[in-house]
Amino acid sequence: MIVTSVAGRLLEGVLPPEIALEELFADPRVELFPEEAELVAAADVKRQKEFATVRFCARRALERLGFEPGPIVPAADGPSWAGRAPRWPDGVVGSMTHCEGYRAAAVARGGATASIGVDAEPNMPLPANIVDAVMLPEEQDTVARLSVLHPEVAWDRLMFSAKESVFKAWYPLTRRWLDFLECVINPDPDLGTLTGTLRVPGPVVAGVRRDRFDGVWRTSTGPGNGLLATAVVVAARSAAGAEGMPMGWESGR
């Protein structure tokens with residue numbers, strides 16, 4: 001049985017309770033801070049809308065943690081390929097994502113959560129010409145098997161999304177690049193969970209090396225029909241039996 005989200009939701013209700021998530025399936029009218037508006041002044045309307053809405057989601061999520069609204073701009077303290085990584089308020093970790101028909105942000109205080117990665121994608125197959133660059137042979141075998149059992153899910157796209165979420169959780173902890181082929185994704189089609197096992201040394205968090213990141217995935221019905229999303233959370237403290245999974249993480253079934 002494939003785990004799907006209820007109508008009008010995608011990741012809502014499946015993340016640990018200490019994480020504030022906001023998601024939208026349409027673009028409201030959003031007033032950007034001047035520093036933000038400057039970043040997309042030359043962009044087309046589509047880019048401006050997705051940029052504004054995902055920041056609207058992030059501000060709403062931060063307000064739930066007790067933070068006043070403020071600009072969310074790139075951290076600008078890393079390599080050029082990480083130029084869009086957001087700068088969060090002190091003591092906050094988070095992640096943002098957007099794709100056609102969906103915007104979301106997840107944030108948490110850094111005491112219990114070391115990092116978060118979220119990603120959303122259309123529930124459509126990857127272009128054939130990038131499959132080998134994204135997935136290892138064993139992952140392609142997994143996709144082939146699951147595609148026969150559950151053809152309603154674009155498993156190759158889910159693998160891609162999971163790796164994006166792993167990277168978003170990895171980068172704040174390491175400040176280093178992680179290649180698609182340096183992480184092996186194993187999704188559970190029944191529980192809606194996933195593991196990302198690193199093929200390079202993982203980050204050390206609270207004195208423990210984390211070579212495996214755990215997460216969840218969902219497909220949607222209703223307004224978000226045709227979408228899939230993944231989320232990875234790395235706990236700030238190691239929990240017995242759950243290297244990357246915070247206490248309180250539930251399957252959402």
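Predicted model: local features only at pLDDT ≥ 70, side-chain atom pairs only at ≥ 80, totals over all residues.

Helix α4, residues 137–149, packs against helix α5, residues 155–174, at an angle of about 135 degrees, and their axes are 9 Å apart. Axes here are lines fitted to C-alpha atoms, for helices over the stretch in contact, and angles run from 0 to 180 degrees between N-to-C directions. The two helices, α4 and α5, are therefore oblique to each other, given that angles under 35 degrees count as roughly parallel, over 145 as roughly antiparallel, 65 to 115 as roughly perpendicular and the rest as oblique.

Residues are numbered from 1 along each chain as its sequence is written, and side-chain values use heavy atoms, with hydrogens and water left out.

Which residues meet between these helices? On the α4 side they are E139, T142, V143, L146 and S147, and on the α5 side W155, D156, M159 and K163, where contact means heavy atoms within 4.5 Å.

Helix α5 also lies across β4, β5, β6, β9 (212–219) and β10 (227–235), and runs at about 150 degrees to β4. Those five strands form an open sheet in the order β4-β10-β9-β6-β5, with antiparallel pairing; two strands pair if DSSP finds at least two bridges between them. At the edges are β4 (113–122) and β5, each of which pairs on one side only.

Within that sheet, β5 and β6 run antiparallel and are joined by six bridges, and C183 stands opposite L198 in β6. The loop between β5 (183–188) and β6 (193–198) holds P189. Is P189 buried or exposed? P189 is buried, with a relative accessible area of 14%, where buried means under 20%, exposed over 50%, and partly exposed in between, using a 1.4 Å probe and protein chains only.

Turning to another group of strands, β3 (residues 102–109) is mostly covered, with seven of its eight residues buried. Strand β1 (residues 20–24) runs antiparallel to β3 through five bridges, while β2 (residues 92–99) is joined to β3, also antiparallel, by eight.

Finally, on confidence, the protein chain averages a pLDDT of 90, pLDDT being the predictor's confidence in each residue, from 0 to 100. Over residues 240–253, however, the pLDDT is below 50.

Technical notes
Helix = DSSP H or I, 4+ residues; strand = E, 2+ residues; numbered from the N terminus.
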